[in-house]
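Hi,

Here is the structure I promised to pass on. Have a look at it first, then read my notes below.

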Amino acid sequence: MRYQNNKQMLPAARDKYVNDRLVKLIAIPLLGIIIPNLTGIITYTRYSIAEIVGSYLFFILISFFVWEGNAQLMRIIKRKYKWGHRSYYKTILALFLSNIIYSGVTSVLLLVLWKFFSRENDNSWHTITNTAIIIIITANIVANTYENFFLNQEQVYALSRVEQLSLAKAQAELIALKNQIDPHFIFNSLNTLSFLISSDPPNAKLYNDTLAKVYHYILRNKEKDLVLLREEIEFISNYFYLLRIRFHNSISMTIEINDVDAEEFLILPISMQTLVENAIKHNEFTESRPLAIYVSVTSNYVLVKNRVNLKTYPVPTSRIGLNNLDNRYKLIAGRSILIDDTPNFFSVKLPVINLLL
């Protein structure tokens with residue numbers, strides 16, 4: 001499975017439609033009452049009051065089936081063809097034809113069913129035909145209204161989402177760039193490498209190769225929305241190896257994979273590194289009291305947890321990294337990260353994204 005960056009619509013962005021419940025609550029019963037009065041399909045003198053009310057309820061039911069059925073067809077067709085310049089007329093034609101066919105077939109079948117149980121005479125077939133035609137025309141008017149008004153709101157939402165996502169990506173790229181050229185990180189890495197070259201040449205080569213992999217991963221993925229989870233796990237393992245060489249036995253990390261298939265799912269790039277970096281930044285640790293970081297991988301989440309031992313002089317924090325990570329998840333996947341901050345443990349759950357669902 002390969003993810004093509006920025007080319008595939010994610011689940012959260014595929015099904016955003018305007019909430020029209022209030023419109024339906026008013027319009028469906030209203031049409032169910034107006035249409036039979038407009039066509040004269042009900043001969044009121046032949047029915048009791050209860051039967052007339054029952055007839056109106058049946059026509060409201062017809063209105064509901066026609067409305068909801070066309071709404072579902074509209075969603076399916078718009079997903080299939082999208083609203084690009086090349087497919088615009090094809091989409092309009094598909095919506096128009098499907099609206100006529102579905103509205104006609106549904107209304108005729110339900111009207112024939114109503115006639116079978118009604119007290120109308122055989123001459124009412126002409127009235128039924130006229131009623132079906134009016135239902136089709138009304139359905140097309142409603143569909144056009146949706147496209148002219150509600151679709152505009154959907155497009156405004158889509159544009160807003162793109163702008164928010166672009167802003168979140170820009171912030172993430174700035175954070176990634178800072179990580180790349182952080183003077184302290186480079187300084188400590190070069191000092192460690194210099195020490196290893198003189199004291200342990202074999203490990204110096206391994207350290208240098210791992211450092212190159214870390215920077216290569218950041219450069220390669222900083223502009224992507226999602227990466228394979230197994231690639232992110234490999235990256236965080238390499239990143240932690242550099243930290244371990246620096247801090248020795250003062251830190252440890254355990255990665256537990258409970259669902260091997262989840263390795264083929266997707267996650268935001270450099271997201272786990274943000275959490276590990278936070279743990280290092282805000283906690284005190286020594287070899288006698290090491291900082292233990294636990295990573296657990298399932299088909300739903302990646303859990304990153306560490307024991308809390310806050311520094312005597314707390315490091316100022318604005319949670320920009322966590323907030324940015326949460327915003328990016330909301331925009332890209334429609335889900336939030338889950339933070340659990342207790343006196344003993346700090347843990348964050350990162351949603352795992354399975355595009356096959």
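How many residues apart are Lys205 and Asp209 in helix H7? They are 4 residues apart, so about one helical turn separates them. (Helices here are DSSP runs of H or I with at least four residues, and they are numbered from the N terminus.)

Before the rest, a bit of background. This is a predicted model, where local features need pLDDT of at least 70 and side-chain atom pairs count only at pLDDT 80 or more, while totals for chains, interfaces and linings use all residues. Residues are numbered from 1 along each chain as its sequence is written, and side-chain values use heavy atoms, with hydrogens and water left out.

Back to that pair: Lys205 and Asp209 form a salt bridge, with the closest N and O atoms 3.0 Å apart. The term means a side-chain nitrogen of Lys or Arg within 4 Å of a carboxyl oxygen of Asp or Glu. By this rule there are 5 salt bridges.

Lys205 is exposed at 55% relative accessibility, whereas Asp209 is partly exposed at 31%. (Buried is under 20% relative accessible area, exposed is over 50% and partly exposed is in between, using a 1.4 Å probe and protein chains only.)

Another salt bridge joins Glu68 and Lys24, at 2.8 Å from N to O. This one links distant parts of the chain, as Glu68 sits in helix H3 (residues 49–81) and Lys24 in helix H2 (residues 21–39), 44 residues apart. Glu68 is buried, at 19%.

Then there's Arg119 with Glu51, also a salt bridge, with closest N and O atoms 2.8 Å apart. Arg119 lies in the loop between helix H4 (88–117) and helix H5 (125–181) and Glu51 is in helix H3, so the pair ties together parts 68 residues apart in sequence.

Cheers

Terms used. Helix = DSSP H or I, 4+ residues; strand = E, 2+ residues; numbered from the N terminus.
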